[in-house]
Amino acid sequence: MARIIVVTSGKGGVGKTTTSAAIAMGLAKKGHRTAVIDFDVGLRNLDLIMGCERRVVYDFVNVINEEASINQALIRDKRSENLFILPASQTRDKDSLTKEGVGRVLGALSETFDYVVCDSPAGIEKGATLAMYYADDAIIVTNPEVSSVRDSDRMLGILASKSRRAETAAEPIKEYLLLTRYSPERVRLGEMLSVNDVQEILSLHLLGVIPDSKAVLNASNAGTPVILDDKSDAGQAYADVVARYLGEEVPHRFIEFQKRTLFGRLFGG
Ligand SMILES: Nc1ncnc2c1ncn2[C@@H]1O[C@H](COP(=O)(O)OP(=O)(O)OP(=O)(O)O)[C@@H](O)[C@H]1O
Ligand SMILES: [Mg+2]
């Protein structure tokens with residue numbers, strides 16, 4: 001039985017796809033058979049970030065419509081034999097996803113995978129509600145700004161009421177907070193909410209803090225999940241997140257403002 005993880009947010013553009021790619025790769029690297037699914041039908045971003053866009057033949061909607069089998073549609077990652085990508089369709093509309101169809105695909109994946117990571121579109125439209133419906137765990141990606149935090153709070157209500165676990169009165173979905181695009185310097189200047197501010201509002205278990213980092217854009221341009229850039233701050237922060245998710249105790253990093261020395265400013269240290 002796979003554990004189904006939804007990566008979700010209220011507000012768009014906060015880092016869900018970046019996070020889904022990084023966490024899926026991180027879990028695979030730790031030896032877990034992992035599938036990552038793009039629920040953002042019509043946009044297709046995940047395959048770009050994973051660097052497999054040219055290998056897409058069949059997609060999630062083809063599998064739901066029984067035009068292809070799951071094995072035909074899954075793309076094996078070139079860097080990790082434990083990782084598979086199920087891309088989204090670029091041409092269909094969001095109504096192509098059905099609760100029954102998504103349930104069938106997740107049920108089949110559950111038989112052979114340890115983890116299924118669902119990269120959700122933002123908000124509460126159909127793709128997003130279906131991505132979270134079958135989840136066991138939810139990672140709520142939030143940026144340290146008021147609008148993002150407020151929209152995350154709204155998502156918590158939906159997770160608690162509109163999921164399969166809620167309907168069947170099973171144990172509730174486990175919710176984790178992931179703060180991304182965090183800049184200790186901007187927090188110090190009062191331009192961003194601090195980790196404590198956000199936790200006070202959402203009171204969720206903090207899975208990690210990902211710094212705002214140029215490494216993320218570089219990685220996505222290269223089609224490489226940023227977690228593979230283990231020299232980068234964001235890559236290291238995502239590695240910590242995966243370790244924490246798997247139950248390791250890892251102290252939080254990249255939260256404190258580090259005053260750069262003249263040497264650091266001159267040489268980018
Ligand atoms: N830690 C980070 N540091 C710097 N830039 C980041 C970081 N995380 C994400 N980004 C950038 O923010 C933008 C949005 O990221 P991403 O596509 O992962 O968000 P998303 O939540 O999946 O968006 P959507 O809601 O449209 O699906 C991208 O340009 C990405 O490179
Ligand atoms: Mg996305």
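How do the residues lining the second largest pocket divide into nonpolar, polar and charged?

What we have here is a predicted model, where local features need pLDDT of at least 70, side-chain atom pairs count only at pLDDT 80 or more, and totals for chains, interfaces and linings use all residues. Residues are numbered from 1 along each chain as its sequence is written, chains are lettered from A and ligands numbered from 1 in the order written, and side-chain values use heavy atoms, with hydrogens and water left out.

Okay, the answer: 10 nonpolar, 10 polar and 6 charged. Here Ala, Val, Leu, Ile, Met, Phe, Trp, Tyr, Cys and Pro count as nonpolar, Asp, Glu, Lys and Arg as charged, and the others, Gly among them, as polar.

Now, ligand 1 sits in that second largest pocket, meaning more than half of its atoms lie within 2 Å of the pocket's grid points. A pocket, on a 1 Å grid over the protein atoms alone, is an open set of points where a 1.4 Å probe fits, with protein on both sides within 12 Å along at least five of seven lines; lining residues have an atom within 4 Å of a point.

So who touches the ligand? Polar contacts first (N or O pairs within 3.5 Å). From oxygen atoms of ligand 1, Lys16 has a side-chain N or O atom at 2.7 Å, Thr18 has a polar side-chain atom at 2.6 Å, and Arg181 has one at 3.1 Å.

Methods: A polar contact is a pair of N or O atoms within 3.5 Å; within protein, one must be able to donate a hydrogen and the other to accept it, and residues adjacent in sequence count only if both atoms are side-chain atoms.
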